[in-house]
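Open the model in your viewer and keep the selection tool at hand. This tour goes stop by stop.

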Amino acid sequence: MRGLVLLPMVLPPVVGGVALISAFSLRSPIGGWLHDVFGLQLTFSTKGVVLAEVFVAMPFYVITVEAALRNVDQRYEQVAASLGASRFTVFRRVTLPMVAPSVGAGAVLAWARALGEFGATITFAGNIVGRTQTLPLAVYLKLEGDGEAAIALSLVLLLVSFVVLVGLRDKWLVRA
Amino acid sequence: MSLDARLEVRLGSLALDVDVQADAGTVLAVLGPNGAGKTTILRALAGLQPLAGGAIELAGRVLDDPQAGTFVAPEHRRVGFVHQDLLLFPHLSVLDNVAFGPRSNGTSKVASRAEARVWLERVGLEAYANERPKALSGGQAQRVALARALVGHPDLLLLDEPLSALDVGTRAATRRDLHRHLADFAGVTVVVTHDPLDALVLAQDVVVLEDGVASQSGALAEVTARPRSRYVADLLGTNLLRGEGRGHVVALDAEGGAVEVAEAVDGPTFATISPSAVTLHLRAPEGSARNAWPATVTDLDLLGERVRVHLDGPVPLVAEITAASLAALALGPGSAVWATVKATEVATYPA
């Protein structure tokens, strides 16, 4: 299970895109069923972009939160239990607040990875302006015609990366 | 609302097998060296360590009985546990830490906080209600942890080394506070400690735990008056000798010496001698003391005005003399001396 969740981390994104196409294209069983029952088309749609980026970025979130949960001092949970808290209450009022910084860090990290996603997105959802074109895809296209626009967009992405890096430096970088 | 338990737990090299009994409103101290299984007793009572054998009955309710397949989960035991490291929730305010218990048991947020505020006032920390635990000193955190455990009126309160995390200055004051709060508590208290002073101040009964079994247990006064193990005697700072009694003489088991006693004894006997009853001389004494043994000084401990002199010989002893007489005798490790004890200063009881 853990290996399956972490697979997209080591998989080349294009291969991930191919895998998503084989699973969710209209001709595949799952994709066809989703279309027939819910009228849902994932390939070459905005929803497809979301799916591709979640697929690629999820492991960053999972790995951060999992490490945090593993490091929670269980004695706090035992104290909470001895005070009469049910398992759910222990999780909601003790465990979750104690890992909250890592949940935030994992989300930001996954978001930053998704923001830069290129391979799986273009393979699975295509590059349709206004529908499935993401910032990195736009940078790539602009590079062939309007070089200055490409540089400007790249600077925006660079700035975002820098902000994420500064924001997470205590949580993620120092510890590693 | 009494506690009646027989605890059998096997945990690595520790084989715990001990009876724990206490009445409502009393404090039982579990005293023992590190690794004896003291904390395991608390974990078993709290439901964090299932029993391998025996049973726990609290306030007429069976909490754990492996033979009958009964096991009540920690959250349903009505047991307050104050951990050695206190473990106040760092993300909650002091008030919400104390309110955690009632809140978890379905009381509304407002009512829980009101109840918590009453307890914070009781421990004198209402001014810190909105602070995080980080802002508290060790002694204050200790009082908050106690309030958090007591707010739900548990049947049983467990204290694990309640004073060991505090510095020496606050320890005495906190011990006094603790004594006052425990006196008001209607349930059973079990306090684990390695400091005999905690037991003397806080408890009425004591279980001395060594290697997972009770080497001695009963009323505190009884245990301190008649130590039955080296560990207890050392805690009390007294000399404990074991031997075979014949008339007015106790022949020691281990060292080959003999002790004259005032009352006739027969069979296996413990003899205790207070260190201050031992007198030291440089030459073999003449006089009324019927016990006189040659000895070698092995070690010296300075305790303020008094000096404890450790002696080796046919009757190994600790003598307590004044610093002035130490200077007069000019003793050091290796010095040869004579130790004398009056027969009337030797207390005896059957082993």
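**First stop: a buried pair**

Select B:Glu320 and B:Arg308: both are buried, where buried means under 20% relative accessible area, exposed over 50%, and partly exposed in between (1.4 Å probe, protein chains only). B:Glu320 and B:Arg308 form a salt bridge, with the closest N and O atoms 3.0 Å apart. A salt bridge here is a side-chain nitrogen of Lys or Arg within 4 Å of a carboxyl oxygen of Asp or Glu. The pair links distant parts of the chain: B:Glu320 is in strand β17 (residues 317-322) of chain B and B:Arg308 in strand β16 (residues 306-312) of chain B, 12 residues apart. Helices (H or I, at least four residues) and strands (E, at least two) are DSSP runs, numbered from the N terminus.

A word on what you are viewing: this is a predicted model, in which local features need pLDDT of at least 70 and side-chain atom pairs count only at pLDDT 80 or more, while totals for chains, interfaces and linings use all residues. Residues are numbered from 1 along each chain as its sequence is written, chains are lettered from A and ligands numbered from 1 in the order in which they are written, and side-chain values use heavy atoms, with hydrogens and water left out.

Over all chains, the count comes to 16 salt bridges. Pick B:Asp198 and B:Arg175 next: their side chains meet in a salt bridge (2.8 Å, N to O). B:Asp198 is in helix α6 (residues 196-202) of chain B and B:Arg175 in helix α5 of chain B, 23 residues apart. Both B:Asp198 and B:Arg175 are buried.

Now move to B:Arg230 and B:Asp234, another salt bridge (3.6 Å, N to O). Both lie in helix α8 (residues 230-236) of chain B, four residues apart, about one turn of the helix. An α-helix has 3.6 residues a turn, so residues three or four places apart point the same way. B:Arg230 is exposed at 60% relative accessible area; B:Asp234 is partly exposed at 48%.

Then select B:Arg6, B:Glu8, B:Asp17 and B:Asp19, which a network of salt bridges links.

**Where the chains meet**

Show both chains. The contact (heavy atoms within 4.5 Å) takes 16 residues from chain A and 21 residues from chain B. How many salt bridges are there between chain A and chain B? The count is one: A:Arg75 with B:Asp85, closest N and O atoms 3.0 Å apart. On chain A, α5 (74-82) and α6 (87-115) each supply at least two residues of the side that touches chain B. α5(A) gives the most, with seven residues.

**A helix that is enclosed**

Select α2 (residues 94-104) of chain B. Of its 11 residues, 10 are buried, so the helix is largely enclosed by the rest of the structure. Its buried residues pack against α5 and α6 of chain A, together with α3 (109-122) and α4 of chain B. Just after α2(B), B:Gly106 takes a positive phi of about 95 degrees.

**Last stop: inside and outside**

Select B:Thr174, in helix α5 (residues 168-184) of chain B. Is B:Thr174 buried or exposed? B:Thr174 counts as buried, at 6% relative accessibility. Finish at B:Ala328, in helix α9 (residues 323-329) of chain B. B:Ala328 is exposed, with a relative accessible area of 65%.
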